[in-house]
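Hello,

I am passing this structure on to you. Please open it first and then read the notes below it.

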Amino acid sequence: MTSTHRMNDDTRATYDVVVAGGGPVGLFLAGELRLGGANVLVVERLTEVDVTIKAGGINTAGAVALYRRGMLPELAEAWERNRWRMRAFLGDRDTDGPGKPSATDAPRTPPKFAGHFAGIMMRGDLFDASDPAFADIGPADRVGLGVPQAELERILAARADRLGVEVRRGVELTGFDAGEGGVLIHLDGGRTVRAGWLVGCDGGRSTVRKLAGFGFPGSEPEITGYQAVVEMTGGERLGTGWNTTDVGTYVNGPFPGRILTVEFDGPPADRSAPVTAEELQAALRRVSGVPEVTVHEVRSSTRFTDNARQADTYRKGRVLLAGDAAHVHSPFGGQGLNLGLGDAMNLGWKLAAVAGGRAPESLLDSYTAERHPVGAWVLDWTRAQVAVMRPDRHARALRRVVTDLALTREGTTYLVGQISGVRQRYDLPGGHPLTGRSAPDLEFSDGTRLGERLRDGRAVLFDLADDPKLRARAEQYGDRVDVVTAVCPGRPEPAGLLVRPDGFTAWAADRDDDRTDGLDEALARWFVAAGG
C-alpha cells in the first residue's frame with residue numbers, strides 16, 4: 001500500500017531517483033539521469049534480461065536517440081546479426097553470415113521493407129527520400145528496425161553499468177510513502193530505500209501507477225493475440241509474412257518458428273496463464289485454416305490484446321511514469337518501445353536538473369505537456385490498425401482502400417513518416433520551422449556531426465555564423481549550456497540552434513533573421529543561469 005504524508009523537508013535521500021523497472025525504458029532513463037549527475041537506483045523483479053519474444057523494433061526516432069548517446073555501433077552490430085537471420089528465412093540462403101553475401105545477392109533481394117500498417121507492407125522503393133521530414137537524419141537512419149528488444153536491453157544495461165548506475169535485479173517494489181521531501185520506497189523482504197523521486201517504468205500493469213492512484217482511461221480490448229517462437233511441422237503450408245483470413249490475421253516469420261496470431265473474439269480470460277503448445281496450435285489452425293500445422297515446442301511466447309489506455313498525467317508530486325507504465329496499446333506497428341525511449345529521453349535531463357537543484361520543479365510540467373500528446377497519437381495509431389484488421393465486411397472494404405493508398409508514393413511516404421517518428425514536434429515558442437523538432441544531424445566542416453556533440457547529455461548552443469553576440473547569450477549559463485562554433489557547408493542557412501539535452505531544438509535562427517530574437521527567452525525557459 002502507499003500513503004501520502006508530509007516528510008521532513010530536511011530528509012536526506014539515499015538516492016536522487018529510484019527507477020522501478022529495469023527494462024529498456026528504465027535502463028535508458030537511468031543512464032540519462034546519470035549523465036545529468038543524479039544518483040540512481042534501478043530495481044527490477046526479474047533476475048535476468050527478459051528474452052520473451054516482443055513485437056516491433058527500433059524506429060528512426062529511437063535510433064536517433066541512441067545515436068546521440070554514442071550507442072550506434074552496438075545497435076548496428078545487433079541489427080546486422082538479426083538482418084541476416086531474417087534474410088535467410090525469406091529465401092536468400094546462399095550467405096555465409098553478416099558481411100558475406102552470395103554472388104546472387106543483388107538480384108534475389110526483395111523490395112526494401114519500410115514497415116507496415118496493420119500488416120499492409122510498405123515498400124522501400126515507393127518511399128520518397130526527398131521528403132523534408134527525413135532531411136539530415138544522419139547515420140541513425142540506416143539501422144534499428146530489426147533489433148530485438150532483449151538485445152537492446154543488454155546494450156542499455158552495459159551502458160548503465162559504465163555510467164555507474166546501481167541496478168538491483170530480483171528485487172521488487174511493494175509500496176512507497178511519498179511526501180514533499182521525498183519518497184520512502186518499500187521493497188520485498190522488508191527492505192526500504194529513500195529517494196528524492198520515484199519513476200515507474202514497471203510495465204503496463206505498473207505497481208507504481210496503481211499505488212500512486214494515476215487515472216488510466218482508455219478503450220476496452222476486442223482481440224486476443226499470441227506471439228511466439230516455436231518448433232512446428234507443417235509450417236511450409238503457411239503463407240510467409242502477414243496474412244489476412246476470414247477469421248483474423250497471422251504472421252509467419254521473419255525467422256523460422258516465429259508466429260503471431262490475432263483473433264477478434266474478445267480479450268483472453270487470463271493473460272498471465274502460461275501459453276501452451278496446444279493453445280498456440282489451435283489458434284494458428286483457426287486463423288490460417290491449415291489443419292496440418294502442429295506446434296511441438298514453445299520456446300518463447302506472450303499473449304496480447306488491443307487494450308489502449310493512457311495515464312491522465314505522467315506526474316503526481318514526486319512520482320512519475322514512463323514507458324508502458326504510462327500508456328498501453330496493441331503492438332501493431334512496433335510503437336511501444338520507441339514511445340518509451342522518447343519518454344526517457346525527455347524526462348531524464350529534466351528530472352536530473354530538478355533533483356540536482358539546477359532547475360525548479362515546474363520544469364517537470366513540460367514532461368507531461370510534451371509527451372502526453374505523443375502517447376495519445378500512438379494509441380489512436382494502433383486503434384486505426386485494429387479497425388482495418390477486423391474480419392467483417394466493412395473493415396475488409398476499408399482495408400482494400402488503405403492498401404491501395406499505401407502502395408502509392410505519397411501514401412508510402414506518409415505512413416513511413418508516421419511509423420518512423422520523424423514528424424514528432426513539441427509545441428514550443430518560436431516561429432522557426434526547426435523549433436520543437438528533433439535537431440537535424442548537421443555535418444560540420446571538420447567532419448563531425450551535430451548528434452556526436454550531444455553524447456554528454458548537455459544542452460548545446462550551435463553558433464553557425466561565428467557570431468559573438470550569440471555566444472555571449474550563453475555565457476551566464478556556464479557548463480549548463482555548451483557552446484560550439486562550427487561551419488555547416490551543406491546547410492548554410494542556419495545561423496544558430498539551441499539544442500536541448502534530449503536533442504530537440506529549443507530555438508533556431510537563420511542568417512537573414514534577427515539572430516538573437518527569442519534566444520534569451522529560450523535559454524531562461526529551459527535552464528537556470530549558473531549561480532541562479
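The notes below cover sheets, strands, a helix pair and a few single residues.

The model is predicted, so local features need pLDDT of at least 70 and side-chain atom pairs count only at pLDDT 80 or more, while totals for chains, interfaces and linings use all residues. Residues are numbered from 1 along each chain as its sequence is written, and side-chain values use heavy atoms, with hydrogens and water left out.

Some terms come first. Helices (H or I, at least four residues) and strands (E, at least two) are DSSP runs, numbered from the N terminus. Two strands pair if DSSP finds at least two bridges between them. Buried means under 20% relative accessible area, exposed means over 50%, and partly exposed is in between (1.4 Å probe, protein chains only).

From strand 2 the chain passes through helix 1 (residues 24-35) to strand 3, a β-α-β crossover that is right-handed (with the strands pointing away from the viewer, the path from the first strand over the helix to the second runs clockwise).

Strand 7 (residues 173-179) has six of its seven residues buried, so strand 7 too is largely enclosed by the rest of the structure. Six bridges tie strand 7 to strand 8 (residues 182-187) in antiparallel fashion, and the two strands form a hairpin with two residues between them. The bridge partner of A178 in strand 8 is V183.

Five strands make an open sheet in the order 12-13-14-11-15, and their pairing is antiparallel. Strand 12 (241-244) and strand 15 (294-304) are at the edges with a single partner strand each, so one side of each has no neighbour in the sheet. On average, neighbouring strands of this sheet are turned by 20° against each other, direction ignored. (Axes are lines fitted to C-alpha atoms, for helices over the stretch in contact, and angles run from 0 to 180 degrees between N-to-C directions.) Strand 12 is linked to strand 13 (residues 248-252) by four bridges, the two running antiparallel; N243 has Y250 of strand 13 as its bridge partner. In the loop between strand 13 and strand 14 (258-263) sits P254, and the peptide bond from G253 to P254 is cis, with omega near 10°.

The other open sheet has four strands in the order 21-20-22-23, with mixed pairing. Its edge strands, strand 21 (481-485) and strand 23 (505-510), each pair on one side only. Neighbouring strands here are turned by 15° against each other on average, direction ignored. Strand 22 (residues 494-499) and strand 23 run antiparallel and share five bridges, with A509 as the bridge partner of G496. Helix 13 (residues 519-526) lies across strands 20, 21, 22 and 23 and runs at about 170° to strand 23.

Helices 8 and 9

How are helix 8 and helix 9 packed? Helix 8 (residues 336-355) and helix 9 (residues 365-389) pack at about 175°, with their axes 10 Å apart. The two helices are therefore roughly antiparallel (angles under 35 degrees count as roughly parallel, over 145 as roughly antiparallel, 65 to 115 as roughly perpendicular and the rest as oblique). Contact means heavy atoms within 4.5 Å; the contact residues include L339, G342 and D343 of helix 8 and S366, Y367 and E370 of helix 9. The residues of this contact divide into five nonpolar, four polar and four charged (Ala, Val, Leu, Ile, Met, Phe, Trp, Tyr, Cys and Pro count as nonpolar, Asp, Glu, Lys and Arg as charged, and the others, Gly among them, as polar).

H329 is in the loop between strand 19 (327-328) and helix 8. Is H329 buried or exposed? H329 counts as buried, at 14% relative accessibility. Leaving aside neighbours within four places in sequence, its contacts include T305, N307, L339 and V378.

Two positive phi angles

A118 is not a glycine, yet has a positive phi of about 55°. A118 lies in the loop between strand 4 (113-117) and strand 5 (120-123) and is buried, with a relative accessible area of 0%. D466, not a glycine either, has a positive phi of about 50°. D466 is in the loop between strand 20 (459-463) and helix 12 (468-475) and counts as exposed, at 53% relative accessibility.

Regards
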